[in-house]
Amino acid sequence: NGVVYSEVRRPCRAMLLVNPHSGKGQALSLFTSHVQRMLNEAGVSYTLVVTERQNHAREMVREADLSQWDALVIMSGDGLLFEVVNGLMEREDWEEAILTPLGILPGGSGNALAASIHHYSGAQPVSSEELLVSCGFLLCKGLVSHMDLASVHLSSGPTRLFSFLSVAWGFVADVDIESEKYRHVGAARFTLGTLVRLASLRVYRGRLAYLPADEAEPRGESPQNQRPFSTFCPSDLCRPSDSVGQNTFHNSCNSNNAVRMKTSEPVPPNATQKGLPDSLLVPLDQPVPSDWVVVPEEDFVLMLAVYQSHLAEDLYAVPDSTLNDSIIHLMYVRAGISRTALLRLFLAMGKGTHLENNCPHLVYARVKALRLEPFSPKGVITVDGEVVEYGPIQAQVHRGLARLIAR
Ligand code: ADP
Ligand code: MG
């Protein structure tokens, strides 16, 4: 779709950030055994920085003289990249800083972005060391693409987070966090965590609202963004009789079944916020704008907003996602799903076929922004797999804000 990309500067001077505790704790030795020589041969020189604690990378990147670096490369899971992205966005010169090419080498147990860029490169699925070698090769090629980021607002404080991967609540978030204790099994920790969680399946209460992508963009602007989620609407939400054209199907689904809030038009949000404006969001204590859809359900098993193809090496969450499609792929599973059906969904997600299963409890929508207000008193919300404060949360996508060495 006309993706614009450039090449990283040669010879390339990279800051290589390694989290020694990520994954099975072998990131450093994996780098030495599988990637080091490749980089040397490709003329990528690097300065190794081994992180000493959580947020060390975030602080380093916030203070760094970025003119010294052609790329910031992360050898860890998604958590360390999350630190780097936020460190860059916290800088006074964030607008320029966030254009620093980023590189990702899978050294963690959650390597969703690495799995995604491998997938975008058109290669067959691989895992573990093979994925590392593939990402090392992409790094050597040095083609830089733009990558969407979402800005994420929590109810506390004026600061935002920036996210490249996901916002999750309910089942998926619980598994992500509970499975930390199975870190020693590597990427398989999610499968193990899923099985354990299935045994104590619970319902999460809350209100979910979103701005459909089709509404946010003038029709015809981007054919890719126009595809409605009709085929994935549960049959009891979207009756086939409503379906005339695909868009009609989509619209009738919204108007018949979802509550549209009647409020004034968006007031510019974050008047106090410095930097990039979030033009689609209003403050969390105000009702969502009138063109948002408020989903009718309040009982969920999970809510998952993803902007890349993979959620883990073996979780192919969004088959048609690209690095900068400017779409938040929103999925939620309504309460009432059986354990067997949920397990089937997760198994299908291994192959990326879960959206074709016509599971009546799974809803999929392509959105630009969303808001979640959990009612259940306790729970976990994750952003890019990292736990954030539990409570109301909203996010909007920003097209191609960051740059990633991929392709
Ligand atoms: P994994 O995929 O194995 O979870 P991550 O890169 O996501 O690997 O890192 C896990 C967590 O460790 C993240 O929250 C990250 O911020 C944090 N972290 C980074 N460096 C260190 C360190 N040196 N010691 C402890 N925690 C760290
Ligand atoms: Mg992680």
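Me: How much of the 407-residue chain counts as buried?
Reply: This is a predicted model, so everything here is read off a prediction. A residue is called buried if 20 or more other C-beta atoms lie within 10 Å of its own. Of the 407 residues in the chain, the share that counts as buried is 49%.

Me: What share of the chain's contacts with a separation of 6 or more comes from residues 24 or more positions apart?
Reply: The chain has 12 helices and 18 strands. Counting contacts with a separation of 6 or more, the part that comes from residues 24 or more positions apart is 77%.

Me: Is threonine 51 buried or exposed?
Reply: Threonine 51 sits in the loop between β3 (44-50) and α3 (56-63). Leaving out residues up to four places away in sequence, it touches Leu17, Val18, Asn19, His56, Ala57 and Leu80. The cut-off for buried is 20 or more C-beta atoms within 10 Å. Threonine 51 has 22 C-beta neighbours inside 10 Å, so it counts as buried.

Me: And how far apart in space are threonine 51 and aspartate 148?
Reply: In sequence, threonine 51 and aspartate 148 are 97 residues apart. In space, going C-alpha to C-alpha, the separation is 26 Å.

Me: Which helix gives the largest share of the shell around ligand 1?
Reply: There are 21 residues around ligand 1, and Ser22, Ser76, Gly77, Gly79 and Gly108 come nearest. By class, the shell has 2 nonpolar, 13 polar and 6 charged residues. The largest share is 4 residues, and it comes from helix α4 (residues 78-89).

Me: How many charged residues are in the contact of α8 with α9?
Reply: On the α8 side, the contact is made by Phe171, Asp174, Val175 and Glu178. On the α9 side, it is made by Phe190, Gly193, Thr194, Val196 and Arg197. By class, the contact has 4 nonpolar and 2 polar residues, and the charged ones number 3.

Me: What do the buried residues of α8 pack against?
Reply: α8 is mostly covered, with 6 of its 8 residues buried. Those are Phe171, Val172, Ala173, Asp174, Val175 and Asp176. They pack against β8 (166-170), α9, β11 (299-306) and β16 (381-383).

Me: How does α6 lie relative to α7?
Reply: The axes of helix α6 (residues 112-120) and helix α7 (residues 128-141) come within 10 Å and cross at roughly 65°. Angles of 65 to 115 degrees count as roughly perpendicular. That makes α6, relative to α7, roughly perpendicular.

Me: What is the handedness of that α6 and α7 crossing, and how many nonpolar residues are in the contact?
Reply: The crossing of α6 and α7 is left-handed. Ala114, Ala115, Ile117 and His118 of α6 meet Leu131, Ser134, Cys135 and Leu138 of α7. The contact has no charged residues and 2 polar ones, while the nonpolar count is 6.

Me: Where is the cis peptide bond next to proline 11?
Reply: Proline 11 is in the loop between β1 (5-7) and β2 (12-18). Omega is about -15° for the cis bond, which joins proline 11 to arginine 10.

Me: What is phi for serine 128, a residue other than glycine?
Reply: Serine 128 belongs to helix α7. With 15 C-beta neighbours inside 10 Å, serine 128 counts as partly exposed. Its phi is positive, near 50°.

Me: What about phi for arginine 407?
Reply: Arginine 407 lies in the segment after β18 (393-405). It has 16 other C-beta atoms within 10 Å, so it is partly exposed. Arginine 407 is not a glycine, yet its phi is positive, about 90°.

Me: How far is leucine 347 from threonine 191, C-alpha to C-alpha?
Reply: Leucine 347 is found in helix α12 (residues 339-351). It is partly exposed, with 14 other C-beta atoms within 10 Å. Leucine 347 and threonine 191 are 156 residues apart along the chain, and their C-alpha atoms are separated by 9.2 Å.

Conventions: Residues numbered from 1 in each chain as written. Chains lettered and ligands numbered in written order. Predicted model: local features only at pLDDT ≥ 70, side-chain atom pairs only at ≥ 80, totals over all residues. Helix = DSSP H or I, 4+ residues; strand = E, 2+ residues; numbered from the N terminus. Buried ≥ 20, exposed ≤ 12 C-beta atoms within 10 Å, placed from the backbone. Contact = placed C-beta atoms within 7 Å. Nonpolar A, V, L, I, M, F, W, Y, C, P; charged D, E, K, R; others polar. Near = placed C-beta within 6 Å. Axes fitted to C-alpha atoms, helices over the stretch in contact; angles between N-to-C directions. Parallel < 35°, antiparallel > 145°, perpendicular 65-115°, else oblique. Left-handed = near helix turned anticlockwise from the far one by under 90°.
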